[in-house]
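Please keep the model in view while reading.

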Amino acid sequence: MTSPSRSIHVVAAVITDARGRILLNRRTGNSDMAGLWEFPGGKREPGESSEQALVRELREELGIEAEVGEWVMEVPQLYPDKRLRLEVRMVRQWKGTARGREGQAITWVNADKLGRYSMPPADLPVVAALHQPERYLVTPEAGDDAETWLAGLESAIDGGLRRVQLRTPVAADRAELARAAVARFGRQAELLLNRDIDLARELGVGVHLGGEQLLQLDARPLPASQLVAASCHDLAQLQAAQRLGCDFAVLGPVQATASHPGAPVLGWEGFEQLRERVSLPLYAIGGLAPADVVTARRHGALGVAAIRSLWPALQPA
């Protein structure tokens, strides 16, 4: 794909009402991607701050005077005719009554129903960031002491982790360990088994695919009620994950890691160059910790995935 010469910075708002619903704007017939629903906002003009641009756009589009709140994330997205950077801010307070002043339809949507609306590619990672966990634990492989590993998993979940990849290689004893983990913690966190599609189907949990598995599958291996994720290292794998309908993917390594010394790294610039070519929610992985979540979101990630920095027994005392 030839990179477009035009770059624009758009600022959009997640506007929430007293009931926690979120306002969506429908693109009109005269605009790009007409008919799709989006978070309201618009292009930042020269000399404007992001706050000024968003206040102006919401006044023009919706007739409200908004109080711009906290920053959520930025999404780089490559379109055929432009390179877009979508900056997203929260808006919880405003004056006036929101209405479509430019002839567009608007609607208030419960956060958990946002996925039912067709949206532009750049808006989709924002939907994920609003209700999916910002940390994704990849467990270390269990050694000979299964109870110690299960205790570590319990400690991580008690500490607030709500999405976990269980690295239990396909073998009879490891399958029993996966069953034990699902029995103990399956109602407390979203659990995904590493690579083992058949066992995930049996246990009713998610699966995390390896990059080579992505290229071998013709269809999503589990129903929509069970999460499907994947590890990706290049554009071909990312595109395969999106084609299969993966719920999210992990992309990296962003930085050098102890588990893969000497492996080539993407860096944040490389991560962003791949992220902008898909609309899939992504976790950044590789030498990262919870403190890197904000940086990850500045480059379009949902958050960070990690082993060492999220597993209690591997963190510095």
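1. Basis. This is a predicted model, with local features needing pLDDT of at least 70, side-chain atom pairs counted only at pLDDT 80 or more, and totals for chains, interfaces and linings using all residues. Residues are numbered from 1 along each chain as its sequence is written, and side-chain values use heavy atoms, without hydrogens and water.

2. Aromatic pairs. There are seven. Rings of Phe, Tyr and Trp (its six-membered ring) pair if their centres lie within 6.5 Å; planes under 30 degrees apart are stacked, over 60 edge-to-face, the rest tilted. Tyr136 and Tyr283 have ring centres 5.3 Å apart and planes at 35°, so this pair is tilted. Tyr136 is in strand 8 (residues 135-138) and Tyr283 in strand 14 (residues 282-285), so the pair ties together parts 147 residues apart in sequence. Strands are DSSP runs of E, at least two residues; helices are runs of H or I, at least four; both are numbered from the N terminus. With Phe248, the two tyrosines Tyr136 and Tyr283 form one aromatic cluster.

3. Charges over rings. The charged end of Arg298 sits over the ring of Trp71, 4.2 Å from its centre. The cut-offs are NZ of Lys or CZ of Arg within 6 Å of the ring centre and within 35 degrees of the ring normal. Lys82 lies over the face of Tyr79, at 4.9 Å from the ring centre.

4. Helix 2. In this helix (residues 124-131), the buried residues include Pro125, Val126 and Val127. Buried means under 20% relative accessible area, with a 1.4 Å probe and protein chains only.

Notes. Buried < 20%, exposed > 50% of the residue type's maximum accessible area, 1.4 Å probe, protein only.
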